[in-house]
Amino acid sequence: MLVEFRVKNFRSLRDEQTLSLVASKDKLLQDTHTRMTNLKAVPNLLCSTVIYGANASGKSNFIKALQYMRGVVSESATAMQPGQTFSIQPFRLDADSASHPSEFEVTFVLDGVR
């Protein structure tokens with residue numbers, strides 16, 4: 001179960017952006033909109049989420065970052081050849097960012113372990 005996804009320096013996303021599915025302490029819709037994790041640090045996670053933002057604010061690139069990271073994880077062991085590098089598009093409007101690597105981070109719960 002996904003807890004959090006972070007991305008930095010990918011396409012139009014220069015600064016770190018975070019999508020967190022940790023539920024608030026509000027109990028109003030807890031039974032239908034959250035799942036219990038049995039973990040003290042993150043007791044409930046949202047079943048779904050929505051990304052809002054103005055036009056050209058990075059919503060699509062955030063989704064592309066999630067898809068890219070998923071592809072790297074699922075295909076790197078079978079499709080990648082030794083020494084092959086990933087084709088990535090860092091933030092290009094800042095010379096400093098263009099020379100730094102992109103960063104992806106996922107926090108998840110699997111079999112009760114975070």
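1. A polar contact is a pair of N or O atoms within 3.5 Å, where within protein one atom must be able to donate a hydrogen and the other to accept it. In this predicted model, the side chain of Thr-37 meets that criterion, reaching the backbone oxygen of Val-42 at 2.2 Å. Thr-37 is placed in the loop between strand E3 (34–36) and strand E4 (44–46). With a relative accessibility of 7%, Thr-37 counts as buried, because the cut-off for that class is under 20%. Beyond the residues up to four places away in sequence, Thr-37 touches Val-42, Pro-43, Asn-44 and Leu-45. Gln-67, by contrast, is 30 residues from Thr-37 in sequence and 24 Å from it in space, C-alpha to C-alpha.

2. The sheet may be taken next. Three strands, in the order E2-E1-E5, make up an open sheet with antiparallel pairing. Strand E2 (17–20) and strand E5 (103–108) are the edge strands; each has a single partner strand, so one side of each is left without a neighbour in the sheet. From one strand to the next, the twist averages 10°. In general, the strands of a sheet pair through backbone hydrogen bonds, either parallel or antiparallel.

3. The two pairings of E1 can be described by their bridges. Strand E1 (residues 2–8) is joined to E2 by four bridges, and E1 is joined to E5 by six. On the E2 side, Phe-5 has Leu-19 as its bridge partner, and Arg-6 has Thr-18. On the E5 side, the bridge partner of Val-7 is Phe-104.

4. The side chains of Glu-4 and Arg-6 are joined by a polar contact of 3.0 Å. Leaving out residues up to four places away in sequence, Glu-4 touches Thr-18, Leu-19, Ser-20, Glu-105, Val-106 and Thr-107.

5. Helix H2 (residues 59–79) lies across E1, E2 and E5 and runs at about 105° to E1. The largest nonpolar core has nine residues, namely Phe-5, Val-7, Phe-10, Leu-13, Leu-19, Leu-21, Phe-62, Ala-65 and Met-69. E1 and H2 are the elements that give two or more residues to this core, and H2 gives the most, with three. A second, separate core has five residues, among them Val-3, Val-42, Leu-45 and Val-109. Val-42 and Leu-45 are also among the residues that Thr-37 touches.

6. How many aromatic pairs does a search of the whole structure find? There are four. In one of them, Phe-5 and Phe-62 are arranged edge-to-face, at 5.4 Å centre to centre and with 80° between the planes. This pair links distant parts of the chain, with Phe-5 in strand E1 and Phe-62 in helix H2, 57 residues apart. Phe-5 and Phe-62 are both buried. For Phe-10 and Tyr-68, the ring centres are 5.8 Å apart and the planes stand at 35°, so this pair is tilted. Phe-10 belongs to the loop between E1 and E2 and Tyr-68 to helix H2, so the pair ties together parts that are 58 residues apart in sequence.

7. Phe-10 deserves a separate comment. At 5% relative accessibility, Phe-10 counts as buried, whereas Tyr-68, at 22%, counts as partly exposed. Ring pairs link Phe-10, Tyr-68 and Phe-104 into a cluster. Apart from its neighbours within four places in sequence, Phe-10 is in contact with Asn-61, Lys-64, Ala-65, Tyr-68, Ile-88, Gln-89, Phe-91, Ser-102 and Phe-104. One of these contacts, Phe-104, is also the bridge partner of Val-7.

8. Two backbone values should be noted. Arg-11 has a phi near 50°, which is positive in a residue other than glycine. Arg-11 lies in the loop between E1 and E2 and, at 29% relative accessibility, counts as partly exposed. Asp-111 likewise has a positive phi in a residue other than glycine, near 55°. Asp-111 lies in the segment after E5 and counts as exposed, at 73% relative accessibility.

How values were computed
Residues are numbered from 1 along each chain as its sequence is written. This is a predicted model: local features need pLDDT of at least 70, side-chain atom pairs count only at pLDDT 80 or more; totals for chains, interfaces and linings use all residues. Side-chain values use heavy atoms; hydrogens and water are left out. Two strands pair if DSSP finds at least two bridges between them. Axes are lines fitted to C-alpha atoms, for helices over the stretch in contact, and angles run from 0 to 180 degrees between N-to-C directions. Contact means heavy atoms within 4.5 Å. Buried means under 20% relative accessible area, exposed over 50%, partly exposed in between (1.4 Å probe, protein chains only). A nonpolar core is a set of buried Ala, Val, Leu, Ile, Met, Phe, Trp, Tyr and Cys residues joined through side-chain atoms within 4.5 Å. Rings of Phe, Tyr and Trp (its six-membered ring) pair if their centres lie within 6.5 Å; planes under 30 degrees apart count as stacked, over 60 as edge-to-face and the rest as tilted.
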